[in-house]
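Visitor: Could you walk me through this one? I'd like to start with any open space in it and then move on to the charged pairs.

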Amino acid sequence: MQRKLISFDWAIKRILRSKANFEILEGFLSELLFEDITILEILESESNKELQDDKFNRLDIKVINQKEEIVLIEIQYDREMDYMQRILYASSKAIVEHMKESLSYSEVTKIISISILYFDFGSGDDYIYKGTTNLIGLHNKSLLQLNEKQKELYKVDNVEDIYPEFYLIKIKNFDDNSKDTLDEWINFLKNEEIPENPKAKGLLKAKETLDYLKMDDKERAEYESYQKSLHDQASAYESTYVIGKIEGKKENTLEIAKKLLIAKVNIETIKLTTGLTDIELANLANRKG
């Protein structure tokens, strides 16, 4: 049997902030970004602090890497229709927070936003999406390039290297089949499992550090309470979502029936079309009147 491991979201909240454990987070970032990442420090913010009223279903960590880029990592369980705008706001806010008044715009910090999503988001069937910004000609479709002086000024080679990058990891879309080292990480994020001899950077250290059995009784109780809260929230959402769909369908049916009544369609035809009862149609007719 696989030994039970502490989930990544709990680890970020309690364990991975320690410099002794940076190797784990560095491994995940290195596999995702396809380059070796070294974390210089954890940048504290209100969302990083452990507050009494901190939401369990919303975790953020902000780190700075060896290139002085800011990496934002958010683990999200709650379904949010405006999540796209939220990550845009968070990245913009991070830029402003770390821009000193005396600096020129060439010193704007590069932001890398990583969202680990445990809910259905969008309609894409992949499990990792990356977004960057490029400028393309409207007429000849050519890609705008930096000139040599700009490359020297910005210390990058491409326009997309200046602007924020966004990574969306749709955990539910992963099919549990690890095809490469990055997939080993995604499998851990989804199933809290690590193979016996992981090849992905940081996972061996994670396996040793994030061992559920190494927790003391107090930590284990807190962890179990946290896991239960996530399940309860998920159940509450599903119940609300199903009820909302039923109520929405009912309202739509009533609206159709109302229009048919106004058009003086035969009552039997309306009943057959909508499935409404005589009493429901009579009440609707009275309200219409």
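Guide: Let us begin with the largest pocket of this predicted model, which is lined by 27 residues, with Lys67, Glu69, Val108, Thr109 and Lys110 lying nearest its centre.

Visitor: How much space lies in the largest pocket?

Guide: The space in the largest pocket comes to about 790 Å³.

Visitor: And what classes of residue make up the lining?

Guide: The lining of the largest pocket has 12 nonpolar and 12 charged residues, together with three polar ones. As for secondary structure, helix H4 (148–154) and strand E6 (165–170) each supply at least two residues of that lining.

Visitor: Is Lys67 buried, exposed or partly exposed?

Guide: Lys67 has a relative accessible area of 44%, so Lys67 counts as partly exposed, and Glu35, at 30%, is partly exposed as well.

Visitor: How many salt bridges does the structure hold?

Guide: The structure holds 18 salt bridges. One of them brings together the side chains of Arg14 and Glu222, at 3.1 Å from N to O; here too distant parts of the chain are linked, with Arg14 in helix H1 (residues 8–14) and Glu222 in helix H7 (residues 217–262), 208 residues apart.

Visitor: What about a pair involving Glu196?

Guide: Glu196 forms a salt bridge with Lys207, where the closest N and O atoms are 3.6 Å apart. Glu196 lies in the loop between helix H5 (181–191) and helix H6 (203–209), and Lys207 lies in helix H6, so the pair ties together parts that are 11 residues apart in sequence. Glu196 has a relative accessible area of 61% and is therefore exposed.

Visitor: Changing topic, which residues make the nonpolar surface patch?

Guide: Leu135, Leu144 and Tyr163 make a nonpolar surface patch of about 260 Å². Tyr163 is found in the loop between H4 and E6, and Tyr163 is partly exposed, with a relative accessible area of 34%.

Definitions and conventions: Residues are numbered from 1 along each chain as its sequence is written. This is a predicted model: local features need pLDDT of at least 70, side-chain atom pairs count only at pLDDT 80 or more; totals for chains, interfaces and linings use all residues. Side-chain values use heavy atoms; hydrogens and water are left out. On a 1 Å grid over the protein atoms alone, a cavity is a set of points where a 1.4 Å probe fits but cannot get out, and a pocket is an open set with protein on both sides within 12 Å along at least five of seven lines; lining residues have an atom within 4 Å of a point. Grid points are joined across faces, edges and corners, and a volume is the space filled by probe spheres set on the points. Helices (H or I, at least four residues) and strands (E, at least two) are DSSP runs, numbered from the N terminus. Ala, Val, Leu, Ile, Met, Phe, Trp, Tyr, Cys and Pro count as nonpolar, Asp, Glu, Lys and Arg as charged, and the others, Gly among them, as polar. Patches are made of residues with over 30% relative accessible area and no salt bridge: like charges are joined within 9 Å, nonpolar side chains (Val, Leu, Ile, Met, Phe, Trp, Tyr) within 5 Å. Accessible areas come from the Shrake-Rupley method with a 1.4 Å probe; for residues, only the protein chains shown count as cover. A salt bridge is a side-chain nitrogen of Lys or Arg within 4 Å of a carboxyl oxygen of Asp or Glu. Buried means under 20% relative accessible area, exposed over 50%, partly exposed in between (1.4 Å probe, protein chains only).
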